[in-house]
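Please look through the sequence and the structure below before reading on. The report then takes up a few places in one chain.

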Amino acid sequence: MTIADVAAPHGTSPEVAPGTTGTRHRSGLDRVSVEWVKLELMRVAYATRGGFLARRDPRAVLGWYALCALAPWFTYSTPILVVLFVLALGCALAARIGPLLLGLFTLGLVGQAAYVLVLVLVLGGDTTALDGLLQISLKLGAVSLASMAAFVSLDPEKLSDGLQAMRAPAVLGFAISYGYRMVPLLIDEFHDIVDGHRLRGAPHQGHGFLGWRTIARIGRIAVQAFYPLFLNTAQRTRTTVEAMETRGFTSAGPSPAGRRLRLAYLQWRVGDTLLLVVSVAVVVAVYTVLPTP
Amino acid sequence: MADDRDAAPAVEVRDLTFRYPGAAQDSLHGVDLTIEAGDFVAVVGGNGSGKTTLCKTFNGLVPHFWNGDISGRVKVAGRSTARRTVGEIAHDVGYVFQDFGNQLVRPTVRDDVAFGPLNFGLADWEARTDAALRALEIDDVAGTHTWQLSGGQQHLTALAGALALAPSILVVDEPAAEVDPRRAAAVYEHLTRLNEQGVTVVVIEHHAELIARYARSVVLMDAGRVRWHLPVDEALARTADLAEAHIPAPQVVALAQELVPDVAAGRRRPPLTIEECAAMLRDAGRSEQPGAALLRAPDHPGADGSPAPGSTSGPPAGSDVVARLDGVRYGYRTISGGKHTVLDGFDLTLRAEERIALVGSNGAGKSTLLSLLSGLAVPEAGAVEVAGRDTRSVSAAQLSSQVCYLLQRPEEMFLTDSVRADVAMHPTGRRAPDARELVEQVLDRTRLTDLADRDGRLLSGGQQRRATLAVGLAMRPRLLLLDEPTSSLDLRSRDDVIDMLSALAEHIRCTVVATHDMHLVAEWADRVVVLDQGRVVADTDPATLFASPDVLRRARLVPPQVTQVGHALGMDPLPLSVAETTRRLAPLPTEELV
């Protein structure tokens with residue numbers, strides 16, 4: 001959605017005299033930014049940037065992720081958490097998670113910390129509360145960074161094949177890869193529907209106090225856009241379900257032979273073992289070397 | 001492919017009756033049909049005649065997936081479908097759905113083609129995948145994500161996915177529905193090649209022209225029954241039966257019936273190709289009478305009274321300008337980070353009272369141009385001026401009272417749960433004082449009053465297009481932009497939309513249609529702008545365009561059959577409709593020559 005455009009006051013004067021072009025100026029950046037977000041999401045989803053985890057076997061990446069996601073939860077030591085957070089940040093950068101995710105992550109973390117801090121101060125908390133706050137932020141941050149690093153590096157095929165190789169139900173693997181396939185279609189369709197609302201819906205009445213009108217308008221359009229989006233998707237999937245039946249993918253998934261053939265390309269290499277061993281070693285080292293309270 | 005069962009017919013249906021669960025009547029009733037191995041069959045029939053249901057009995061989706069009430073017997077390649085699963089039958093019958101885009105379930109082309117063989121655990125899946133990709137000449141896009149493909153490439157991918165299982169029978173539901181004529185012909189060429197290699201091909205098809213050119217036999221379905229199954233030339237001679245099923249005869253057949261008495265009386269087989277038709281007309285002594293061009297239909301303003309080609313090149317008074325693009329540059333970023341410039345240094349002026357068709361192959365810049373005109377996109381350089389306002393100076397929402405852009409996929413235009421609410425959205429949102437009357441008037445004019453309370457998504461294709469037109473009309477635009485308004489419509493709905501566009505001309509100052517449909521261009525437009533790689537390669541009237549072979553080739557356009565026949569007969573200017581050709585080739589009454 002084009003926030004900039006939705007937010008622009010349209011209600012000023014619908015009948016601008018022909019030729020008066022100086023009142024407002026659209027640079028086209030609003031449109032460009034939507035396209036950028038779309039492309040950035042696609043780059044993230046399809047792991048087109050590479051990075052150190054993208055080369056590894058998906059099972060190793062999932063194992064690495066499990067380790068990193070669990071590691072921060074066994075301690076209340078701030079130094080350990082800080083180190084784990086910094087390590088996770090390093091991994092995320094090395095996995096090339098891209099500016100969009102990093103920006104959203106920073107915004108989320110800082111925003112959350114800020115409002116909890118305000119809450120704590122208003123309710124008369126002291127410095128121990130601040131320490132607790134810092135700890136939970138570090139834990140969540142480390143886990144989020146590890147998640148981003150892992151899933152940015154796994155394209156949908158590798159992810160679903162990795163899960164299947166670890167004996168997850170075939171339907172789960174399929175759902176993941178199909179979901180990813182639908183993402184670009186849904187983004188485009190959502191974009192078109194929101195454009196439709198902007199063009200055909202009630203015009204913007206100005207921002208209102210603290211921009212409440214703008215916020216209400218964005219919220220309303222976003223919610224209303226889901227009605228057509230869901231129905232269109234439901235219609236689409238009717239053919240998909242029939243087609244999958246004719247192509248040998250029933251509710252039980254492919255045959256065992258098919259599963260073997262599909263996963264035959266997965267190869268566990270020395271690098272994969274090394275990744276896990278080094279990661280475990282680092283986590284253990286962090287826990288043993290640094291002081292615990 | 002078909003080894004020891006060669007002798008058995010490909011498909012044998014005996015006394016088949018089927019009713020969908022919960023339906024009030026049978027979809028198929030007492031169907032008997034035999035399709036011989038190696039045949040190329042076109043299944044035709046009106047909407048709801050049971051074509052698709054019949055074809056779904058071939059691959060077992062009926063009754064295994066749709067378990068309704070069924071009686072009778074279906075044998076495919078000599079074996080009954082009743083005791084085999086859909087998956088087993090898939091090795092004999094490949095199926096390509098009408099909305100083939102939804103048949104693709106994997107991210108990349110190669111993955112999708114390999115999906116079937118891998119699911120069945122076929123050890124030679126890689127070889128099969130490569131063979132299918134090569135057979136349809138899409139191996140160069142094997143690594144591409146399916147959402148980046150054009151419609152034609154998606155269709156070939158779906159076809160390759162079915163072929164990878166090496167079926168002996170291939171069923172394709174409406175292969176030409178969503179692609180331009182060149183691409184439709186390409187799909188049919190591939191099907192013909194497979195047919196020559198021994199694959200039995202069954203297509204569901206509305207276009208009599210494609211049936212005439214490619215099919216060997218025709219099955220006519222009517223109200224759940226097979227009315228007849230005949231060789232193609234006999235079938236196409238039964239124009240009355242076909243017209244009843246909303247399959248208008250190919251233009252060559254219609255022409256011959258109008259102008260060759262033997263064909264009209266049924267004593268002679270109608271022509272199936274341009275060459276046959278032209279030869280037949282020449283034999284019958286039909287050539288253009290001197291002066292007959294003056295009798296041309298006045299409903300083609302591009303040629304009325306002023307047949308000189310370039311009549312649109314002299315700009316009329318500047319006050320008539322509805323929109324102008326001046327030195328426009330526009331491009332978008334690609335996923336790999338590069339930049340793709342679609343238009344550069346682009347100039348175009350749209351004037352009042354023009355019906356403009358924007359044609360050109362996919363990626364030529366048609367949709368980009370429409371979105372620039374609608375104000376949804378603004379140019380990187382240069383200026384787009386609509387109704388006297390620079391699109392940079394007003395928001396797209398403000399511009400929407402002047403310009404209306406109807407998207408290619410109608411379901412994206414249905415934002416609410418009823419047609420009426422969708423039509424009313426713009427007038428009531430802008431608090432138009434006459435909103436209520438306007439909505440009723442528009443619904444009436446588009447013949448949607450009876451359907452107004454239904455969700456637009458549940459209407460048929462033709463009704464959906466009418467509903468989007470109604471949405472556009474209620475916005476009372478000066479400039480109406482339509483993207484492919486006739487794609488994936490059967491011919492009757494298509495003619496309906498063309499008629500409606502013509503009827504609406506008085507309410508809209510200027511209409512621009514981006515299209516692949518040359519019938520729409522011939523019958524509706526008075527100005528054609530041909531785009532190729534972001535440049536205007538021709539800006540003229542339809543008759544002049546169809547007389548310019550280099551432009552046609554460059555923009556991958558195929559003129560309507562009647563225009564091609566006119567070309568073969570040396571008519572000048574080229575005719576654009578059957579009625580016009582008939583008028584010009586008919587013997588002139590003597591009194592008019594005086």
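## Basis of the model

This is a predicted model, in which local features need pLDDT of at least 70, side-chain atom pairs count only at pLDDT 80 or more, and totals for chains, interfaces and linings use all residues. Residues are numbered from 1 along each chain as its sequence is written, chains are lettered from A and ligands numbered from 1 in the order in which they are written, and side-chain values use heavy atoms, leaving out hydrogens and water.

## Nonpolar cores

A nonpolar core is a set of buried Ala, Val, Leu, Ile, Met, Phe, Trp, Tyr and Cys residues joined through side-chain atoms within 4.5 Å. Buried means under 20% relative accessible area, with a 1.4 Å probe and protein chains only. The largest nonpolar core has 89 residues, and those with the most contacts inside it include Leu350(B), Leu373(B) and Phe546(B). Helix α18 of chain B, residues 461–474, gives the most to this core, with six residues. Helices are DSSP runs of H or I with at least four residues, strands are runs of E with at least two, and both are numbered from the N terminus.

Apart from this core lies another, of 51 residues, among them Leu133(B) and Ile138(B).

## Two buried residues

Trp524(B) is found in helix α20 of chain B. Trp524(B) counts as buried because its relative accessibility is 1%. Contact means heavy atoms within 4.5 Å. Not counting residues up to four places away in sequence, Trp524(B) touches Arg355(B), Ile498(B) and Val513(B), among others. Trp524(B) and Arg355(B) are 169 residues apart along the chain, yet their C-alpha atoms are separated by 7.4 Å.

Asp517(B) lies in the loop between β18 (510–514) and α20 (518–524) of chain B. With a relative accessible area of 11%, Asp517(B) is buried too. Leaving aside neighbours within four places in sequence, Asp517(B) is in contact with Thr486(B) and Arg494(B).

## A helix crossing

The axes of helix α13 (residues 274–283) and helix α23 (residues 561–568), both of chain B, come within 9 Å and cross at roughly 50°. Axes are lines fitted to C-alpha atoms, for helices over the stretch in contact, and angles run from 0 to 180 degrees between N-to-C directions. α13(B) and α23(B) are therefore oblique to each other. Angles under 35 degrees count as roughly parallel, over 145 as roughly antiparallel, 65 to 115 as roughly perpendicular and the rest as oblique.

The contact is made by residues including Ile274(B) and Leu281(B) of α13(B) and Gln561(B) and Val565(B) of α23(B).

Key:
Buried means under 20% relative accessible area, exposed over 50%, partly exposed in between (1.4 Å probe, protein chains only).
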